[in-house]
Amino acid sequence: MRTPLETRAAGATASPPPKGPAQLLFWRLFIINGLLFAIGTLVLALSPATVSSPVLLTEVPVLIVGLALILAANAVLVRASLAPLDALTTVMRRVGLLRRGGDRATEAGNGDLKHLIHTFNEMLDRLEAENSASSALALAAQEGERQRISRELHDQIGQSLTVALLSLKRVVDRAPEDLREESLVAQHAVRSSLEEVRQVAQRLRPGVLADLGLPSALTSLGTEFSRSSGIPVNWGLDDELPDLSGEVELVLYRIAQEALTNVARHAHATRVDLSLTSTTKGLTLLILDDGQGGDIREGAGIRGMRERALLIGAELTVHARPGSGTDVRLVVPYGEARS
């Protein structure tokens, strides 16, 4: 066991901690300026030029030219040395955490700057991982809440409305003629409410996705969309799709659902093309509309789509064609689709 004196002695002989980026940057600038002043002094010492005291008017132009050359050389060398910082600043302005493996700064430069850029890239990787984990927990909680509400709508409110509908049917059968029409109106209202509750429950928890698979679920989603919005949907589903994990199927379904919801609310479209195909890049979900297009404001809907795409390592692009609609494209790499 070491004594305190031995411990201090061992600490004194240990290697010093590595210098930080600020110290390294200081030494970079110090060395550049020191070399320039040393070269200027050497040139002045070896040249035939002399400086009198007081300075003569004929010597002033020589001093000005020498100073200008030193400042120009200093500016060029410092600017070239710090050029990687400009690229780093550009990446900082456009980086986003909702795009997996997005912009990364090129690790250029020597020692200190390369270490700084490498640290920045590591920070982005860590933030993306933490953001992905947080989004996964939030979306899992959201799906669980959707399922809970869907079960309550189906088991409680749906059953209560069904009982009310059967009771109204008996009332209609026994009602006198002067009350039969009003009873039929009430029966129709309860039946419509029951159908709306079933539709809401289906949107909250797509049971057809678990029972019949993704193609059937997308077909049912498009059919319901056409019925409620009056906008026809043209299909393009491949007959043979790779085996997909349940998480990937749910993400594809939710993104298609959100895209169709946006079309119904904002696009003013007359036609929607929905396709799910296997391409060389991976499994591609594409939703096209012929609406008004224009500037896209990434609100909660599109942000949620990006978060879901990030969970499965997919790439989501939303492209607006001014005056001719919007394209929503999700590309899932085959490795992520089967995991």
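Me: How do the residues of the lining of the largest cavity divide into nonpolar, polar and charged?

Reply: They split into four nonpolar, three polar and two charged. Here Ala, Val, Leu, Ile, Met, Phe, Trp, Tyr, Cys and Pro count as nonpolar, Asp, Glu, Lys and Arg as charged, and the others, Gly among them, as polar. This is a predicted model, where local features need pLDDT of at least 70 and side-chain atom pairs pLDDT 80 or more, while totals for chains, interfaces and linings use all residues. Residues are numbered from 1 along each chain as its sequence is written, and side-chain values use heavy atoms, leaving out hydrogens and water.

Me: What is the volume of the largest cavity?

Reply: Rolling a probe the size of a water molecule over the atoms shows where empty space is left. On a 1 Å grid over the protein atoms alone, a cavity is a set of points where a 1.4 Å probe fits but cannot get out, and lining residues have an atom within 4 Å of a point. Points are joined across faces, edges and corners, and the volume is the space filled by probe spheres set on them. In this model the largest cavity has a volume of about 90 Å³.

Me: Which residues line the largest cavity?

Reply: Among them are Gln199, Arg203, Leu221 and Tyr253. The elements giving two or more residues to this lining are α6 (177–204) and α8 (214–229), and α8 provides the largest share, four residues. Helices are DSSP runs (H or I, at least four residues), numbered from the N terminus.

Me: Which residues of α6 are buried?

Reply: Buried means under 20% relative accessible area (1.4 Å probe, protein chains only). In α6 the buried residues include Ser183, Val190, Leu194 and Gln199.

Conventions: On a 1 Å grid over the protein atoms alone, a cavity is a set of points where a 1.4 Å probe fits but cannot get out, and a pocket is an open set with protein on both sides within 12 Å along at least five of seven lines; lining residues have an atom within 4 Å of a point. Buried means under 20% relative accessible area, exposed over 50%, partly exposed in between (1.4 Å probe, protein chains only).
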